[in-house]
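Q: Please take me slowly through one part of this model, the aromatic rings, and then through whatever can be said about the elements around them.

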Amino acid sequence: MLIENDLDDRPQYTPWIAALWVEPDMRRRGIAAKLMEAVRKQASAQGHAFCYLCATPDITLLVASSRSKARYPD
């Protein structure tokens, strides 16, 4: 689920959490949070302080830090 780039117009943001999806009937159970945490740990093990996730229809960028919860970039 960790890839180099997910948006060609934003190459400065790397690596990305890609293809994160939880079926509607399985949501609200913490599954996505557990998946994101696993990928954040993978990114941290590879030496990345941050990883990115495009998660909304209007392509709002979220930043996941190895030290904190997801946030919007400055």
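A: A residue is called buried under 20% relative accessible area, exposed over 50% and partly exposed in between, using a 1.4 Å probe and protein chains only. By this rule, both tryptophan 16 and tyrosine 52 are buried, and the relative accessible area of tyrosine 52 is 11%. The model is predicted, so local features need pLDDT of at least 70 and side-chain atom pairs 80 or more, while totals for chains, interfaces and linings use all residues. Residues are numbered from 1 along each chain as its sequence is written, and side-chain values use heavy atoms, without hydrogens or water.

Searching the whole structure gives two aromatic pairs (ring centres within 6.5 Å, taking the six-membered ring of Trp; planes under 30 degrees apart are stacked, over 60 edge-to-face, the rest tilted). In one of them, tyrosine 13 and tyrosine 52 are tilted, with 4.9 Å from centre to centre and 55 degrees between the planes. This pair links distant parts of the chain, since tyrosine 13 sits in the loop between β1 (2-3) and β2 (16-17), whereas tyrosine 52 belongs to strand β3, 39 residues apart (strands are DSSP runs of E, at least two residues, and helices of H or I, at least four, numbered from the N terminus). Tyrosine 52 also forms a tilted pair with tryptophan 16, at 6.2 Å centre to centre and with 45 degrees between the planes. Tryptophan 16 lies in strand β2 and tyrosine 52 in strand β3, so this pair ties together parts that are 36 residues apart in sequence. Taken together, the ring pairs link Tyr13, Trp16 and Tyr52 into a cluster.

Within helix α1 we find methionine 36, which is buried with a relative accessible area of 16%. Its C-alpha atom is separated by 9.8 Å from that of cysteine 51, 15 residues apart along the chain. The buried residues in α1 are Met36, Val39, Arg40 and Ala43, whereas the face of α1 turned away from its buried side carries the exposed residues Lys34, Lys41 and Ala45. Arginine 40, also found in helix α1, is buried with a relative accessible area of 14%.
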